[in-house]
Amino acid sequence: SLASTAITCFTRGLDLRKGTEDVLCPANCPLWQFYVFGDGVYASLSSVCGAAIHRGVITNAGGAVRVQTLPGQENYPAVNANGIQSQVLSRWASSFSVTAGTKNTALESVGRSVSTARPSTGKRPKKTLDKKAGNKDCKADIAFLIDGSYNIGQRRFNLQKNFVGKVAVMLGIGTEGPHVGVVQASEHPKIEFYLKNFTAAKEVLFAIKELGFRGGNSNTGKALKHTAQKFFSVENGARKGIPKIIVVFLDGWPSDDLEEAGIVAREFGVNVFIVSVAKPTTEELGMVQDIGFVDKAVCRNNGFFSYQMPTWFGTTKYVKPLVQKLCSHEQMLCSKTCYNSVNIGFLIDGSSSVGESNFRLILEFVSNVAKAFEISDIGSKVAAVQFTYDQRTEFSFTDHVTKEKVLSAIRNIRYMSGGTATGDAISFTTRNVFGPVKDGPNKNFLIVLTDGQSYDDVRGPAAAAQKAGITVFSVGVAWAPLDDLKDMASEPRESHTFFTREFTGLEQMVPDIIRGICKDFLDSKQ
């Protein structure tokens, strides 16, 4: 028989190399952390052990599984089975199926030992517990959005405060650990305290005890939107590169709509969790304006971001599982937005037909697009290449890691003047500028700006760039032929091709280009 490979809870189908592979799943994988797409035939993005439990091939005690690679397909369905909610996926390039594997005793023990790769369960080796620093393994900036409406009433409001206090203590708040703040939702939202106000659990507990009940309608949507927009500013203590999280506590149901607030939160890169207590009963459902309010507000409706408690009584046992979720930063799918997770390369035509003053208008366009993104060493990055017959890298993705430096480097680009070899320039940029970042976490975009006919073939080099995972937008001015522009652009070509007669028309395109990048980014994440 084939030797079995020990894998972890998080190994995905696409991480396995063979057509048929025998693997060993560890015991006690946390079910809520599984990402599974489909039913029976699973998209290769899915966790192998998660799919095996979903299919009923193994239980959470782990065991041997045989994985068979299958072709990709469309419309993987969402099905709830064996404690795992699989998700819908409209299309994926490859799939796999799972059946019971053959036990290979020699490797049984290895399979078990891998389970130590599980995410920390809140039990930490004592040595990292420097009291002031807090739990360094838990990376999170958290706003607790508590329910201060008449729905909950004074008595349950106090029970809610106790629960939030317990969660805050167990998180291990500290200078290098999680930071928390509290916002109270009622008629109007009130930020009670910010992330920067306290860095010790004792102080946070005291502040929570002091909170007064406001009363009023439960305008949770309004409060969620306000929190997403105002709470996580650098001035208020939000930290660079740390996931932003809002935990919404809801007693019953909201008085207003959560859908728009959910969209705003996702745009701002905030991960929204909803803790619903005392869900509406069948009789009450008629009073709820949108039964799907939880799914509309959470970061992703994959089961991970929603949490239910039957009542506010006896909630202690719910503290630890919630803390585990808030601390698993690799699950914070909404932290990455198109603004902080893209590389944008600008390929700028420096041919003699452009002229010095129009060249300045091109640079202004480049600046205005770049300005929209969160440029930093862990965020988005920008590079620029100027071309005639020749190419010159003005700056690469790693040269400037702040927005100020990028904008000043764009201003300082000197006009070359010369011929137009766009195809060569695309090949040069793919190889030298995108090559070094091709395995990085960011999604890659190339914006080609040209004002005329290329002397060489553009179709081949553009196809090679797209094959290397680069999305190409073509922006043509004046005499740039539409056929060339379409040949360079990514699919669907209509939305990736731009043209203006005059250089002054570039300015109007800026919002459309930014929107196009964000749309492609989101589509790639579905």
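The structure is a predicted model, in which local features need pLDDT of at least 70 and side-chain atom pairs count only at pLDDT 80 or more, whereas totals for chains, interfaces and linings use all residues. Residues are numbered from 1 along each chain as its sequence is written, and side-chain values use heavy atoms, with hydrogens and water left out.

Turning to the overall architecture, the chain is divided into domain 1 (3–98), domain 2 (139–329) and domain 3 (340–521), with bounds that come from an automatic or database domain assignment. Taken over C-alpha atoms, the centres of domain 1 and domain 3 are separated by 39 Å. The chain holds 15 helices and 20 strands, these being DSSP runs numbered from the N terminus (helices H or I, at least four residues; strands E, at least two).

The C-alpha trace spans about 75 × 65 × 50 Å along its principal axes. Of the 526 residues, 53% count as buried, where buried means under 20% relative accessible area, exposed over 50%, and partly exposed in between (1.4 Å probe, protein chains only). Among contacts with a separation of 6 or more, 77% come from residues 24 or more positions apart, a contact being heavy atoms within 4.5 Å.

Cys299 sits in the loop between α7 (293–297) and β14 (306–309) and is buried, with a relative accessible area of 3%. Not counting residues up to four places away in sequence, Cys299 touches Arg266, Asn271, Val272, Phe305, Leu333 and Cys334. The C-alpha atom of Cys299 is 18 Å from that of Leu31, a residue 268 positions away along the chain.

Thr315 is found in the loop between β14 and α8 (319–327). Thr315 also counts as buried, at 6% relative accessibility. Neighbours within four places in sequence aside, Thr315 is in contact with Phe163 and Met309.
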